[in-house]
Amino acid sequence: MKPVHFISGLPRSGSTLLAALLRQNPRFHAHISSPLAGMVDVMLSEMSGRNEFSLFISDEQRRRVLLNLFGSYYGDEYRASVVFDTSRRWCSKFPVLNEVFPNFKVIACVRHVAWIVDSLERAVQKNALRPSFLLDFRAEGTVYNRVEGFASGEGVVGYPYNALKEAFYGAYAQHLMLLQYETLVRDPVRALAAVYDFIGEPAFRHDFDNVHFDAEEFDARAGMPGLHAVGRKVAASERATVLPHDLFRRFENESFWLNERANVHGVKVV
């Protein structure tokens, strides 16, 4: 089976841009979130005690089923020799990944949380006539309601944030690398060099002035046209927040990965 690495972390933090760049390497396949993490959940549930025939399923069979799930999904139609699978859920599944891929690597994209929330609210306002999956396709509510939903434990920000902390402080943290959005857009050469070093792949010369990625059909179906759009040139942009001042301030101190003293497992942060 071809090598599989994982992209996870926080939303609106550069995972689409990272995938777009990695795809420039003809040896690599990368894309926006795949269904595999959800499929793993379903398979584990169906092989659990809820199934009356689980008595006949050993842990070795469970490992083999999950491994073959990856092998079947990334079959012959994927000609790249190295696969990057993306899901916000992977950071919550380190024990499972350790059972299936003992040498797994997860690149978690992170960003100042206030700017993540700002980016989500900006996307909502940009598509004001199209309620989206971010809001469960509901049209009512205020920015305060929306942010509460984003930040809740099952929300689009809250869940991956908690999963990231679980991975960062957990027993398998040595398999984790954090890639900051700020580094990716301001110093993409250093960011990509760190990724290649982390996964043990030979360096590749990327074109940071001609980045291509197309997820228009997916974004339109989700009610959020342009959600995964990336600029042709990798560059940082400065802007004012669309959030009320008190909401922006609420998330100012949530970037726990910047606290070197709290990085007890020595996770690589770039």
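Predicted model: local features only at pLDDT ≥ 70, side-chain atom pairs only at ≥ 80, totals over all residues.
In total, the structure holds 18 aromatic pairs.

Now look at Phe 70 and Phe 101. Their ring centres lie 5.0 Å apart, and their planes meet at 90 degrees, so the pair is edge-to-face; angles over 60 degrees fall in that class. This pair links distant parts of the chain. Phe 70 belongs to helix 3 (residues 59-73). Phe 101 sits in the loop between helix 4 (94-100) and strand 4 (106-110). The two residues are 31 residues apart. Phe 70 counts as buried, because its relative accessibility is 2% and the cut-off is under 20%. Phe 101, at 12% relative accessibility, also counts as buried.

Phe 94 and Phe 104 make another edge-to-face pair. Here the spacing is 5.1 Å centre to centre, with 80 degrees between the planes. Phe 94 lies in helix 4, while Phe 104 is in the loop between helix 4 and strand 4, so the pair ties together parts that are 10 residues apart in sequence. Both partners are buried: Phe 94 has 3% relative accessibility, and Phe 104 has 1%.

Rings also meet charges. The charged end of Lys 105 sits over the ring of Phe 198, at 4.9 Å from the ring centre. Arg 111 places its charged end over the ring of Tyr 181, 4.0 Å from the centre of that ring.

Note on methods: Residues numbered from 1 in each chain as written. Heavy atoms only, no water. Phe/Tyr/Trp six-rings, centres within 6.5 Å; stacked < 30°, edge-to-face > 60°. Helix = DSSP H or I, 4+ residues; strand = E, 2+ residues; numbered from the N terminus. Buried < 20%, exposed > 50% of the residue type's maximum accessible area, 1.4 Å probe, protein only. Lys NZ or Arg CZ within 6 Å of the ring centre and 35° of its normal.
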